[in-house]
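Work through the exercises below with the sequence and the structure open. Each task is followed by a solution in steps.

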Amino acid sequence: MSMELKRNRKTNIPYSLHDSRIINIEYKKGLLRLKLDKIFRYTEEAELIYSGEIDFTECDIDDCNILIFDKTVYEDSFAGKAMSLADYMKQYSNAEFEILTEGYSEYSTIYSGWIWQEDKEPVSGILNIYNTGEIIYRIDT
């Protein structure tokens, strides 16, 4: 059974993606779907953990991109690359994006965190999503 919640762009919701991992990204006809291993809800009594997905409606994948850095900790300098989200989905299909911070501003959503690939050290990444529609949380209860 699942619950659906639409994110209001002007106020917070009681769910957090900090420490969640994006385990799959799909795009089809203006809908970007992120499958998450965990979605957290904090109450006065407890931290509740769910699985689920987030849909970004009215999303043009050409307006979404990701920055991938060469490591997670920087001492003096860093290097990396920028790529479209479509290219990331192809080249990093088996990677998981662990969200450390999340930011929402009008039609822009930014997740920063670590990109994990099997048998490799994690690297930092910043995922930029632009959508003019709704952000819908589908939470498995």
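**Exercise 1. Confidence**

Task: State the mean pLDDT of the protein, and find which elements have the lowest and the highest mean pLDDT.

Solution. The model is predicted. Then go to the elements: strand 1 (residues 2-6) has the lowest mean, 87, and strand 3 (residues 21-28) has the highest, 98.

**Exercise 2. Strand pairing**

Task: Trace the pairing of strand 9 with strand 8 and with strand 10, then find what stands opposite leucine 67 in strand 7 and in strand 10.

Solution. 
- Step 1. Strand 8 (residues 96-105) pairs with strand 9 (residues 108-116) through nine bridges, in the antiparallel sense.
- Step 2. Leucine 67 faces alanine 82 in strand 7 and isoleucine 126 in strand 10.

**Exercise 3. Serine 20**

Task: Decide whether serine 20 is buried or exposed, and find which backbone oxygen lies 2.4 Å from a polar atom of its side chain.

Solution. Locate serine 20 in the loop between strand 2 (15-16) and strand 3. Its relative accessibility is 0%, so serine 20 counts as buried; the cut-off is under 20%. The backbone oxygen in the task belongs to lysine 38. With neighbours within four places in sequence left aside, the contacts of serine 20 include Leu36, Asp37, Lys38, Ile39 and Phe40, as well as Phe97, Glu98 and Ile99.

**Exercise 4. Aromatic pairs**

Task: Classify the pair of tyrosine 88 and tyrosine 92 and the pair of tyrosine 107 and tyrosine 130.

Solution. 
- Step 1. The count for the model is seven aromatic pairs. In one of them, tyrosine 88 and tyrosine 92 lie 5.0 Å centre to centre with 15° between the planes, and the pair is stacked. The cut-off for stacked is under 30 degrees.
- Step 2. Tyrosine 88 has a relative accessible area of 4% and is therefore buried; tyrosine 92, at 12%, is buried.
- Step 3. Tyrosine 107 and tyrosine 130 are 6.4 Å centre to centre with 65° between the planes, an edge-to-face pair. Tyrosine 107 is in the loop between strand 8 and strand 9, while tyrosine 130 is in strand 10, 23 residues apart.
- Step 4. Tyrosine 107 is partly exposed at 36% relative accessible area, and tyrosine 130 is partly exposed at 36%.
- Step 5. Tyr15, Tyr50 and Tyr137 form one aromatic cluster.

**Exercise 5. Nonpolar core**

Task: Find which residues of the largest nonpolar core touch the most other members, and which strand gives the most to this core.

Solution. The largest nonpolar core has 32 residues, and those that touch the most other members are Ile22, Phe56, Tyr88, Phe97, Tyr111, Ile115 and Ile129. Strand 4 (residues 31-42) gives the most to this core, with four residues.

Notes
Residues are numbered from 1 along each chain as its sequence is written. This is a predicted model: local features need pLDDT of at least 70, side-chain atom pairs count only at pLDDT 80 or more; totals for chains, interfaces and linings use all residues. Side-chain values use heavy atoms; hydrogens and water are left out. A nonpolar core is a set of buried Ala, Val, Leu, Ile, Met, Phe, Trp, Tyr and Cys residues joined through side-chain atoms within 4.5 Å. Buried means under 20% relative accessible area, exposed over 50%, partly exposed in between (1.4 Å probe, protein chains only). Helices (H or I, at least four residues) and strands (E, at least two) are DSSP runs, numbered from the N terminus. Two strands pair if DSSP finds at least two bridges between them. pLDDT is the predictor's confidence in each residue, from 0 to 100. A polar contact is a pair of N or O atoms within 3.5 Å; within protein, one must be able to donate a hydrogen and the other to accept it, and residues adjacent in sequence count only if both atoms are side-chain atoms. Contact means heavy atoms within 4.5 Å. Rings of Phe, Tyr and Trp (its six-membered ring) pair if their centres lie within 6.5 Å; planes under 30 degrees apart count as stacked, over 60 as edge-to-face and the rest as tilted.
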